[in-house]
Amino acid sequence: CFLERAWEAAELTLPFILPRNGDQDSDLPTPYQSIGSRGVNSLSSKFLLTLFPPNSPFMKFQIDDFMLEELNAQRAPVEEGLSSMERAISNEVDAKAMRVPLNEVLRHLVITGNCVVYVNPENKLRVFHLDQFCVRRDPQGEVLEIIVKEEMSRELYRDVFGSNPPKDSGDSSEGTEKPLDLYTVVRRKDKKIHVHQEVNNQKIPKTDSKFPVEKSPWLALRYNAIDGEDYGRGFVEEYLGDLQAAESLNR
C-alpha cells in the first residue's frame, strides 16, 4: 500500500509531514536517529534553491530563431519585454510567499513521493497530502481523475456556499455538529478539466468549473514515476532499509 509505505517513511524522517491516520492531535513518534530528517531537509533545501533561486528569475522566456529573423529590428525590445515578464513572475513568487508551500511540496515528494497542489485564482498554493486524495492516471501517466477530501464545519459551509449543507441520511440530533466531508472531484473529459464539489453524496450547486488541460489549477505531482502506477515513489523509500537499520541500532 502506497499510504502505508509513506507513513513508514515519514515516521523515520519527519513524522509531522504525514501523521498516521491523519491524527494531528495525537503524540507523534520520535525517531531514535536524525539521519532521515537531516537528509530530507538538506535535499529539499537544495531542490528549492535550484528550482527557485532567490533574487533571480527561475525561468527564461525565449523566442525561436525563425521568429527572431522575422522580428529583425524589433528583436531588442521584444527580448527586453520577455525579461520584464521574467522579473514580474519572480516578484509574484516572492510577494505571495510561495516558497513556504513549495518547500512543503518538496518535502512530501522526497518522503512520500506524492502530493496534490491547487493554485487558486490569487496565485496562492494549497498542498494536499497523500492521505487526503486519490488519483487515477492513463497508461501515459496523465491524470484522469483526482478526488480530494477535506473536513469543513457547517458554519464555514454556510459562509462559503451561502446555504445549509445537504442533509445526510445518517444525520441525527447528536451528529448535526460533526464536521462535513467535502469532496472536490477533478476529472479530465473531452480535453477539458471538469471540477465540482460534493457533500453527503450530493453535488453542491454552483461549484462546477472547466479549465483547459494545460491550464488546470490542480496538479498531481510525484517524485519517481513508475510505469503503470497511479502514484509515485519517494526518495526515502529507496533507502528505507538503511533507515530502519539505523533506527533499530540507535534504539
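Glu-229 comes out partly exposed, at a relative accessible area of 22%. On that scale, buried is under 20% relative accessible area, exposed is over 50%, and partly exposed is in between (1.4 Å probe, protein chains only). Its salt-bridge partner is Arg-233, with the closest N and O atoms 3.2 Å apart; a salt bridge here is a side-chain nitrogen of Lys or Arg within 4 Å of a carboxyl oxygen of Asp or Glu. Shared partners then tie Arg-5, Glu-229, Arg-233 and Glu-237 into one network of salt bridges. Arg-233 is partly exposed too, at 24%.

A word on ground rules: this is a predicted model, where local features need pLDDT of at least 70, side-chain atom pairs count only at pLDDT 80 or more, and totals for chains, interfaces and linings use all residues. Residues are numbered from 1 along each chain as its sequence is written, and side-chain values use heavy atoms, leaving out hydrogens and water.

Zooming out, the chain has seven helices and nine strands, both taken as DSSP runs numbered from the N terminus (helices H or I, at least four residues; strands E, at least two). Its C-alpha atoms fill a box of roughly 75 × 55 × 35 Å along the principal axes, and buried residues make up 35% of the 251 residues.

Back to the charges: the whole structure holds 14 salt bridges. Here are some of them.

| Salt bridge | N to O distance |
|---|---|
| Arg-20 and Glu-11 | 2.9 Å |
| Glu-155 and Arg-158 | 3.9 Å |
| Arg-233 and Glu-229 | 3.2 Å |

Glu-155 and Arg-158 both sit in helix α6 (residues 154–161), three residues apart, or about one turn of the helix. Glu-155 is partly exposed at 42%, and so is Arg-158 at 35%. In the other pair, Arg-20 has 31% relative accessibility and Glu-11 has 26%.

What about disulfides? A search of the whole structure finds zero, counting any pair of cysteine sulfur atoms within 2.5 Å. For Cys-115, the nearest cysteine sulfur is that of Cys-134, 15 Å away. Cys-115 is buried, at 1% relative accessibility. The sulfur of Cys-134 lies 12 Å from the closest cysteine sulfur, in Cys-1, which is too far for a bond. Cys-134 is partly exposed at 35%.

Finally, helix α4 (residues 75–95) includes Ala-95, which is exposed at 64% relative accessibility.
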